[in-house]
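Thanks for making time this morning. I would like to walk you through one model, and I will give the cut-offs as the terms come up.

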Amino acid sequence: MTPPSPHIYCISSGKGGVGKTTCAVNIGTALAQRGLKTLIIDGDLGLGNVDVALGLQVSHTIRETVELGLDIDDVLLPVMDNLTVLPASSGVPEMAGISQEEQLFLTSTLEEIIHRFDIVLIDSAAGIGDSVLWFSEWATNNIIVITPDPTSLTDGYALMKILSSRYGKKKFQLIVNNVKSQKEGIDTKKAIGKVLEQFLDLTPELLGILPKDAQVVKAIRKQTPFLLNSPDCRAAKGIRRIADRLTP
Ligand SMILES: Nc1ncnc2c1ncn2[C@@H]1O[C@H](COP(=O)(O)OP(=O)(O)O)[C@@H](O)[C@H]1O
Ligand SMILES: [Mg+2]
């Protein structure tokens, strides 16, 4: 697979429910506000919910392009200035079983459209299934979302271990989400950084720390990014700092 030219960030975590979708839609919104043409690909091909997080009405999904040959332009959904979403289906079996041929078709279709964008964010599925590994490999950059929860750390570690050993990925950018304090975020990064260094010879970069914030939950209920719903909340400030670091 030839790495395409825009920056492609795959946001994954191993464990589910740690904030991947929340990060994808809010970072995407922040980048779009900066004038960067941003595409969010819903990489959770079986239980996609980027559309739900953004309150979108979806007519077509990525699956229809792969399986029925629907024009990708009919699937791409403009959300706001500079922000487009490629929606996935929800409640259908994971597309892990797609043939080699369909996989090649998906790659070539995506590689045709991503050149229209400055930044591509992939909101990947939980776990370490085929689609997670496939999107992670295809991306040029790998963002791993973790929380201080020990199960999140072990799952995040397991994912980075596979990506480094099987796909030669060595550069990981960590977002520590749902922390009680900045210190808890730094300690969490240090803890996972230590084992990554010791056992895998990896030195992850800290991309950002996001506080546990009631405004995040409130915005999700309203199906709006908290960046728009409560732009001054602490989580929104954290997202803007991350967007600063991702701005090319
Ligand atoms: N920083 C945060 N503060 C408070 N709640 C959060 C935060 N990040 C995530 N959550 C909660 O966690 C839930 C799962 O987040 P989500 O982004 O859907 O995770 P994932 O995509 O990794 O499965 C959200 O619905 C929200 O209630
Ligand atoms: Mg999600």
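Predicted model: local features only at pLDDT ≥ 70, side-chain atom pairs only at ≥ 80, totals over all residues.

**Helices on the sheet**

Let me begin with helix 6, which lies across strand 1 (7-12), strand 6 and strand 7 and runs at about 160° to strand 6; contact here requires C-beta atoms, placed from the backbone, within 7 Å, and angles run from 0 to 180 degrees between N-to-C directions, with axes fitted as lines to C-alpha atoms, for helices over the stretch in contact. Helix 7 also packs on the sheet, where it touches strand 6, strand 7 and strand 8, and its direction makes about 140° with that of strand 7. Helices (H or I, at least four residues) and strands (E, at least two) are DSSP runs numbered from the N terminus.

Residues are numbered from 1 along each chain as its sequence is written, and chains are lettered from A and ligands numbered from 1 in the order in which they are written.

The sheet itself is open, with 8 strands in the order 3-4-2-5-1-6-7-8 and mixed pairing, where two strands pair if DSSP finds at least two bridges between them. Its edge strands, each pairing on one side only, are strand 3 (77-80) and strand 8 (205-211). Strand 6 (residues 141-146) and strand 7 run parallel and are joined by 5 bridges, and Val145 stands opposite Ile175 in strand 7.

Returning to the helices, the axes of helix 6 (residues 150-167) and helix 7 (residues 182-200) come within 11 Å and cross at roughly 35°. On the helix 6 side, the contact includes Leu153, Gly156 and Tyr157, and on the helix 7 side it includes Ala191, Ile192 and Val195.

How far apart are the axes of helix 1 and helix 10? They are 9 Å apart, and helix 1 packs against helix 10 (residues 234-246) at an angle of about 60°, which makes helix 1 oblique to helix 10, given that angles under 35 degrees count as roughly parallel, over 145 as roughly antiparallel, 65 to 115 as roughly perpendicular and the rest as oblique. In this contact, Asn26, Ile27, Ala30 and Leu31 of helix 1 meet Ile239, Arg240, Ile242, Ala243 and Leu246 of helix 10.

Note on methods
Contact = placed C-beta atoms within 7 Å.
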